[in-house]
Amino acid sequence: MRIWLTQSGRPVTGDRLVAWLLGPAPRSWRAVALVVLLAVSVSTSLRANWGSDNAFVVKAADALLEGVSPYEDKRFLYLPSAVLMAVPEALVPRGVLRWLLPAGISGLVGAGWWAALRLFSVPLCSRFAVGGLGLLGLAYKPYLNLVLIGNWTAISAAALPLALLLAHRRSWAAAGLVVGLAIACKPMLVPVGLVFVLARRWRGLAVAVLVPVGLSLAGALLMPSPTLFFTKTLPFLFQGQDAYALPWDASPIAVLPRLGVPQPVAVVLAGAGAVAGLWAAWRRWRRPDPAGEGGELRLVETTCMVMLAVFLVSRPSFDHYLLVVLPMLLASGVREGSLPRSGWFWAALVPQAAGIPWPSEFEHKRRAFRDCVTLCGLAGLLARRALRSGRVTLEPVTTAGSPPRTEPECAATSAESASRTAF
């Protein structure tokens, strides 16, 4: 019997757990996952404070229909194109919207999970796919919060995995269209433009830029006083909003001063972390995946690193922002050596797990402390993985009764090679 060891002494064997997770999910699993998602949607619809974030966008669309500038409301922070996107929703009766919105948010997160699974060729009816979505709805607190408030982050959570799936299939123009439409709804995916630059996909980048610009110009032409976006909204956004958002802002720029760190020091620390994260993303892009893989892991990890780096300095940076990258990172767990294969990845998610009886000082208005730990933890872990050399040496180990093997391939080494721009 021969066992192959890496330099760390860990055996290179088939992962039976992953093989089991990729097997077909029993009908009971599917039923339980469906019940969990329906329970989340129905319970949200019955709550009095449902859709609080979505209400700002609907209010902006109502203002447009009434001939008032949406930017009279300082809490409407999206592009003019988002007003156009919200008009159909503003025409739906509130009683109907109460039931449609939570289900729609869950559907968007599920669509992102579906695209992430397809990116890594995971069967959609596998235990991994069905159980993963069910656990996301059952145990991940930011998902529950996102469904409750109806934030349009859900659109980005669906659009980014779909865009990467299209990009991996060499449809970069279509990927740019998906990203552009998501930016038109909420400008969260603007940093993804850097991935198009790294891949030198200029046509896709042009589509991603021109779509929200064109829709925003159309929206601006239909509303009175569109210049309020530059004179009122952008200054309010750049200063980190106000005390309304501060208790839930997980950005280190907002959290560190609440712990006694001077604001300039917090800005420098967060900025340094963001720069390091972008450098790690560049390094990860330059390191191709091992031979035999299609490059999807490099694409996902580079994109997630870019987004996490920006979340470190964006104001605000809420807990549900991580849903944009988390489904793709979870789906990458089927690849050997991916981030979810590390126990530290799951440890970083513990602060956001639902059902843990945290002390009262870490709940409600101080929940951002826990969210900041998860954000910084995931960014640091992914940067560490991106910056590693990627060099693995295999050494033969011969057990009793087996003759030594001396073929050259016994000491095969996978070395870092030049960067690729196509998959």
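**Buried helices and salt bridges**

R385 is buried, and so is E301; buried here means under 20% relative accessible area, exposed over 50%, and partly exposed in between (1.4 Å probe, protein chains only). The two form a salt bridge, with their closest N and O atoms 2.4 Å apart. This pair links distant parts of the chain, since R385 sits in helix α18 and E301 in helix α15, 84 residues apart. A salt bridge is a side-chain nitrogen of Lys or Arg within 4 Å of a carboxyl oxygen of Asp or Glu, and helices (H or I, at least four residues) are DSSP runs numbered from the N terminus.

A quick word on the model: it's a predicted one, where local features need pLDDT of at least 70, side-chain atom pairs count only at pLDDT 80 or more, and totals for chains, interfaces and linings use all residues. Residues are numbered from 1 along each chain as its sequence is written, and side-chain values use heavy atoms, leaving out hydrogens and water.

Stay in α18 and you'll find A386, which is buried at 5% relative accessible area. A386 touches A280, R283, R284 and R287, leaving aside residues up to four places away in sequence; a contact means heavy atoms within 4.5 Å.

The structure holds nine salt bridges. One of them joins the side chains of D249 and R315 (2.7 Å, N to O). D249 lies in the loop between α12 and α13 and R315 in the loop between α15 and α16, so the pair ties together parts 66 residues apart in sequence.

Finally, look at helix α7: seven of its nine residues are buried, so the rest of the structure largely encloses it. Its buried residues pack against several helices, including α2, α3 and α18.

Conventions. Helix = DSSP H or I, 4+ residues; strand = E, 2+ residues; numbered from the N terminus.
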